[in-house]
Amino acid sequence: MSEERSKQLFAKALERIPGGVNSPVRAFWAVGRQPFFVERAQGPWIIDVDGNKYLDYVCSWGPGILGHSHPEVIEAVQKVCEKGLTFGAPTAGEVELAELICTCVPDVEMVRLVSSGTEAVMSAVRVARGFTGREKIIKFSGNYHGHSDGLLVKAGSGFMTHSVPDSAGVPAGYAASTLTAVYNDEKSVRRLMEENRGQVAAVVVEPVAANMGVVPPKAGFLEFLRRITEEEGALLIFDEVITGFRLALGGATQYTGVHADLHTFGKIVGGGMPLAAYGGRRDIMACVAPLGPVYQAGTLSGNPVAVTAGITTLKILMDDQGIYERIDRRACRLAEAFLKEGLAVNRAGSLLSAFFVPGWDVEQTDAVYAGERRENGPFVKNYEDACGCDRQAFADYFNRMLERGIYVAPSQFEAMFVSDAHSDGLIQETCRKIGESVRQGAGKPPVEKFSD
Ligand code: KE4
């Protein structure tokens, strides 16, 4: 496959954009090759500037639950653009989207639209601090909540991909207010709560972690977080930027039965456009300016074009909730293909990750589940387990799959996303290629950081 045009673009990009990309996870450093540049995408397919076609399991890191360029979404966006792109004034669409979010996620009585998941989580944390009058936040190592200063501590996603435990440039004071617990480890949470009694504003958690690879909560873990936050007078924030409208129409609460005080959303809620949201109990959201003392604002918040993409997407999901059974079943088929190759697989609904755990004994893996199971694992239970994975083996697998026209996330620490556009036939073909790729062994070594 030719990569000429991508190579030319990347060389130019390296001149003007740090690492040649506008988000680190796109750099492909961990898989030892240059990124391809995308020309267009349709359904489950992504086509690069050299005409190479890939079956896409990144789905733009989650928004693409319907597949790329869904005709109804494209048509709605094209139409609304004719009325103008941004007004900086309220529009009917913002009210409609707010009502749809509150209908889908009953914990959310009021919601504020923003432009990115980072902004949503940063704002939710500020509201929690403003509402409780407390300063400290408990997060979990390997969870990623966007790049706001206070949350760039032992984060997942690009941090783990590039082995950067914490970010430079974050003042020590910020990090001091962020306490880090171990995911799926109740004792670590209890200890932090006891050591910081009366100071913890909130526990922020990915209800199904998807930024250290997919790591579902162990039975009872979320219920424990709900109990201990209530006992300690702290809020529980579900960061649903990935799980929202993905695990179920009602997100993690519908999937797990556990309720949170605040939820954050991104990706799917914007239908692929720059839109995210945070919301929750009315008494908590009443703290948000101009109603209350917690300030948060945004020039393009509730942008009419992005809102239209979000409304159209949520309405399609609301009108056809069978999508969730379809994508879960397909993800289960993929999980079974990985399990057959002896890999540790964590899956929650249509989110899954195969882990290259050194010395993994396939006998450790529970029996291959029948389709009715909604989960596999968790066999990799936390950040430490995930860090122990064999990155070279993952890189080899990634390159073997790409050579076969299958694009999975270029990092062991990201999720595989299934969309409604991934037909059963394509899933079958993917399962075959998983077997070939995993069995074929060594591939290209990860290269050092690209020089100019
Ligand atoms: P954004 O600011 O990237 O829209 O959202 C930040 C965020 C917040 N919370 C969770 C649970 C998230 O997964 C994310 C962003 N996810 C990554 C992928 N794991 C985005 C991809 C990227 O960084 O380019």
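1. Two strands pair if DSSP finds at least two bridges between them. In this predicted model, strand β2 (residues 45-48) and strand β3 (residues 53-56) pair in the antiparallel sense, with three bridges. Trp45 stands opposite Leu55 in β3.

2. β2 and β3 belong to an open sheet of four strands, ordered β1-β2-β3-β14, and the pairing in this sheet is mixed. The edges are taken by β1 (38-42) and β14 (406-407); each has a single partner strand, so one side of each is left without a neighbour in the sheet.

3. Helix α11 covers residues 304-319. At 1.5 Å a residue, its 16 residues should span 22 Å, and this agrees with its end C-alpha atoms, which are 22 Å apart. The N-terminal end of α11 is capped by Asn303, where a side-chain oxygen lies 2.9 Å from the backbone nitrogen of Val305. Of the 16 residues of α11, 13 are buried, so the helix is largely enclosed by the rest of the structure.

4. The ligand has 17 residues around it, and Ser23, Thr118, Asn211, Asp239 and Glu414 come nearest. By class, this shell holds five nonpolar, eight polar and four charged residues.

5. An N or O atom in the side chain of Thr118 is 2.7 Å from an oxygen atom of the ligand. Taken alone, the ligand exposes 540 Å², and the protein buries 86% of that.

Terms used: Residues are numbered from 1 along each chain as its sequence is written. This is a predicted model: local features need pLDDT of at least 70, side-chain atom pairs count only at pLDDT 80 or more; totals for chains, interfaces and linings use all residues. Side-chain values use heavy atoms; hydrogens and water are left out. A residue is near a molecule or strand if one of its heavy atoms lies within 4 Å of it. A polar contact is a pair of N or O atoms within 3.5 Å; within protein, one must be able to donate a hydrogen and the other to accept it, and residues adjacent in sequence count only if both atoms are side-chain atoms. Accessible areas come from the Shrake-Rupley method with a 1.4 Å probe; for residues, only the protein chains shown count as cover. Ala, Val, Leu, Ile, Met, Phe, Trp, Tyr, Cys and Pro count as nonpolar, Asp, Glu, Lys and Arg as charged, and the others, Gly among them, as polar. Helices (H or I, at least four residues) and strands (E, at least two) are DSSP runs, numbered from the N terminus. The expected span of a helix is 1.5 Å times one less than its number of residues. Buried means under 20% relative accessible area, exposed over 50%, partly exposed in between (1.4 Å probe, protein chains only).
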